[in-house]
Amino acid sequence: MTAFVLSPQGARRVDERLERAGLLDLAMEEAGRGVADVLHAHYPGGRVLLLAGGGANGGDAFVAARHLQVLGRDVDVLALPSTHPLTRLNRRRWRSVGGETGLLSPRSLRRALAGAGVVVDGLLGTGFTPPVRPALAQWLAQVQRWREQRADRRVVAIDLPSGLDAASSEVTDEVVQADHTVTFMGWKPALLFGAAAARAGQVTLLPLRVVPEWVQEHAQATRPSDPEVAALLPVRRADAHKGSAGRVWIVGGHPGTTGAAAMAGVGALRAGAGLVTIHSLAEVPLVTPELMVRRHPDWPATLLELGRSPLPGALAVGMGLGPEAAAVARAALSWNVPTVLDADALQPELAGAGHDRCIWTPHPGEAARLLGVDTREVARDPLMAARALQSRLGGVVVLKGGPSVVAHPAGLSVSRGGHPGMASAGMGDTLSGVLAALLGQGLDTPGAAIAGVRLHARAGERAGARHGYGLIASDVAGELGGAWADLLADREAGIQACRSAGVMLASGHAGPPE
Ligand SMILES: NC(=O)C1=CN([C@@H]2O[C@H](COP(=O)(O)OP(=O)(O)OC[C@H]3O[C@@H](n4cnc5c(N)ncnc54)[C@H](OP(=O)(O)O)[C@@H]3O)[C@@H](O)[C@H]2O)[C@@H](O)CC1
Ligand SMILES: Nc1ncnc2c1ncn2[C@@H]1O[C@H](COP(=O)(O)OP(=O)(O)O)[C@@H](O)[C@H]1O
């Protein structure tokens with residue numbers, strides 16, 4: 001099912017609605033019970049020390065303590081004074097089943113840590129406002145040292161590791177390194193991006209069964225599941241032919257960067273395009289004979305000639321295109337066919353020159369240049385950056401990374417999967433070819449972006465399983481067909497899931513051109 005991404009403000013809104021409806025107690029019970037179940041399943045041995053803060057994050061810890069005790073675990077609880085009414089209530093409930101609560105102090109923490117195998121961090125959740133106050137910072141450092149002393153010690157964080165700003169990918173020294181984070185209702189942005197995500201360890205999302213529609217209403221982004229992505233992909237009829245599978249042009253390559261255009265071409269072929277032609281001023285290597293390569297003497301005359309010829313179903317422009325990229329992209333945009341703009345075509349001066357059927361595919365450095373900000377600012381909050389880019393450029397924006405963010409007129413979508421070995425040259429060029437191929441096969445712009453990014457990431461997972469960090473873009477291209485088959489295997493399940501949940505990922509698949 002679609003998972004959601006909740007900003008801290010969104011989480012607070014859901015919280016307020018639950019509170020008004022008298023359902024927050026049930027949500028906390030389900031959250032705390034879920035933490036206990038996940039912990040018990042993953043870390044079945046050792047004494048559990050739960051650290052409870054004053055807010056609702058601490059309330060979850062008291063609930064978890066009660067359930068862990070029922071599961072037969074030896075449990076200690078150290079807490080700060082409880083300020084949230086439900087935290088006080090669950091502290092009383094914990095006492096009423098015979099549980100004891102010690103006051104959290106450097107001394108009590110040192111003693112309890114000595115006997116613990118697992119620490120549950122319920123000190124700070126989405127209600128945390130940076131920076132961490134000094135006393136708490138000291139306790140977090142104690143937990144950190146304890147964890148580092150022995151390899152079998154584990155930290156399980158409730159909702160997010162303490163000290164992490166839920167909205168940001170950045171971390172400070174105070175943030176606890178968790179082995180596992182059990183988060184509720186939706187992914188917090190910090191659990192998805194950059195150094196912050198690495199602090200969370202393995203993440204388990206518990207959607208909680210309390211009015212899921214409210215989460216959807218306050219969500220910042222969606223995270224479609226594989227079956228839902230698969231529902232966007234076309235299924236070919238038995239009489240499919242190369243004309244019906246989409247004609248794609250790749251406009252790119254320049255002396256020294258011809259490989260970029262070649263990789264985009266292979267990506268398009270491997271993502272199912274019927275006919276792929278590379279247009280370039282340079283001698284593009286014929287990496288595979290199925291590609292058609294046309295070398296042109298200069299751009300102005302070529303663009304006039306191409307504009308008058310039968311236009312393709314989709315094109316990708318910019319990969320290794322060189323200094324004339326902005327002018328070439330502007331001309332290509334005037335053809336008004338579905339267009340992927342990548343690499344050298346990602347120029348600020350093209351803002352306003354695009355149309356609805358454009359997919360712009362910047363990595364964070366290119367996104368920063370387009371927005372006129374620092375790359376760090378883009379990396380800190382990729383969701384905000386992708387949204388800002390989409391409103392500036394129009395069409396659909398794919399802000400690439402691990403994960404990538406797709407910003408389309410109806411909202412934001414965060415990709416799943418991929419492999420760290422994909423941090424390698426040419427990976428984005430391959431993606432551009434994939435996106436153009438899907439546009440050429442009739443997917444609408446948001447659908448092509450969401451499906452293409454996942455297809456590329458799935459191919460990366462398959463290639464990563466074989467080549468590890470040594471994987472190269474050609475390996476990913478080679479796995480695209482297998483990745484497509486993996487996703488299609490889930491297609492029926494996805495269509496059913498979308499129907500029963502009434503969820504549309506994007507406007508859907510328009511069907512292959514006849
Ligand atoms: N979303 C949902 O629907 C559900 C949410 N649930 C749970 O609620 C959690 C959010 O709870 P929340 O809003 O009570 O805030 P929370 O994270 O406990 O933090 C507040 C505490 O932190 C403290 N504190 C703050 N800043 C600080 C600083 N710089 N340095 C030091 N301390 C600082 C602050 O202290 P104070 O400012 O009051 O002195 C207060 O004690 C959420 O993460 C999830 O676990 C579940 O129960 C199920 C349903
Ligand atoms: N760690 C990672 N996890 C998942 N995907 C990744 C990772 N690193 C890179 N990628 C993907 O690889 C591609 C890199 O694109 P880009 O930086 O434009 O490469 P290039 O310019 O070399 O072609 C993007 O699609 C990105 O999402």
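**View 1. The shell around ligand 2.** Seven nonpolar, 10 polar and two charged residues make up the shell around ligand 2. Here nonpolar covers Ala, Val, Leu, Ile, Met, Phe, Trp, Tyr, Cys and Pro; charged covers Asp, Glu, Lys and Arg; the others, Gly among them, are polar. The model is predicted: local features need pLDDT of at least 70 and side-chain atom pairs count only at pLDDT 80 or more, while totals for chains, interfaces and linings use all residues. Residues are numbered from 1 along each chain as its sequence is written, and chains are lettered from A and ligands numbered from 1 in the order in which they are written. A residue is near a ligand if its C-beta atom, placed from the backbone, lies within 6 Å of it. There are 19 residues around ligand 2, and those that come nearest are Gly-402, Gly-418, Met-422, Met-427 and Gly-428. Two or more residues of this shell come from each of helix H16 (427-440) and helix H17 (445-467). H16 gives the largest share, four residues. Helices (H or I, at least four residues) and strands (E, at least two) are DSSP runs, numbered from the N terminus.

**View 2. The shell around ligand 1.** Ligand 1 has 31 residues around it. Gly-54, Gly-55, Ala-56, Gly-125 and Gly-127 come nearest. Helix H1 (8-20), helix H2 (24-42) and H3 each supply at least two residues. H3 gives the most, with five. By class, this shell holds 15 nonpolar, 12 polar and four charged residues.

View 3. An unreviewed UniProt entry lists Asn-57, Asp-121 and Ser-162 under "binding site". Such annotations may be inferred rather than shown by experiment. The three are spread over 106 residues of sequence, yet they cluster in space, with a largest C-alpha distance of 9.7 Å.

**View 4. Asn-57 and its contacts.** Asn-57 sits in helix H3 (residues 56-70). It counts as buried because it has 27 C-beta neighbours inside 10 Å. The cut-offs, using C-beta atoms placed from the backbone, are 20 or more other C-beta atoms within 10 Å for buried, 12 or fewer for exposed, and in between for partly exposed. Leaving out residues up to four places away in sequence, Asn-57 touches Gly-122, Leu-123, Leu-124, Gly-125, Gly-127, Ile-158 and Asp-159. Contact means C-beta atoms, placed from the backbone, within 7 Å.

**View 5. Ser-162 and its contacts.** Ser-162 lies in the loop between strand S6 (154-158) and strand S7 (180-184). Ser-162 is buried, with 28 other C-beta atoms within 10 Å. Not counting residues up to four places away in sequence, it touches Asp-121, Leu-123, Leu-124, Leu-140, Ala-157 and Val-176.

**View 6. Arg-209 in its loop.** Arg-209 is found between strand S8 (202-206) and helix H8 (212-218), in a loop. Arg-209 is exposed, with 9 other C-beta atoms within 10 Å. Ala-27 is 182 residues away along the chain, but the two C-alpha atoms are separated by 7.9 Å.

View 7. The domain assignment gives domain 1 (3-223) and domain 2 (229-496). These bounds come from an automatic or database assignment. The domain centres, taken over C-alpha atoms, are 40 Å apart. In all, 13 residues of domain 1 are in contact with 11 residues of domain 2. On the domain 1 side, strand S9 (residues 221-223) gives the most, with three residues. That side has six nonpolar, five polar and two charged residues.

Conventions: Two residues are in contact if their C-beta atoms, placed from the backbone, lie within 7 Å.
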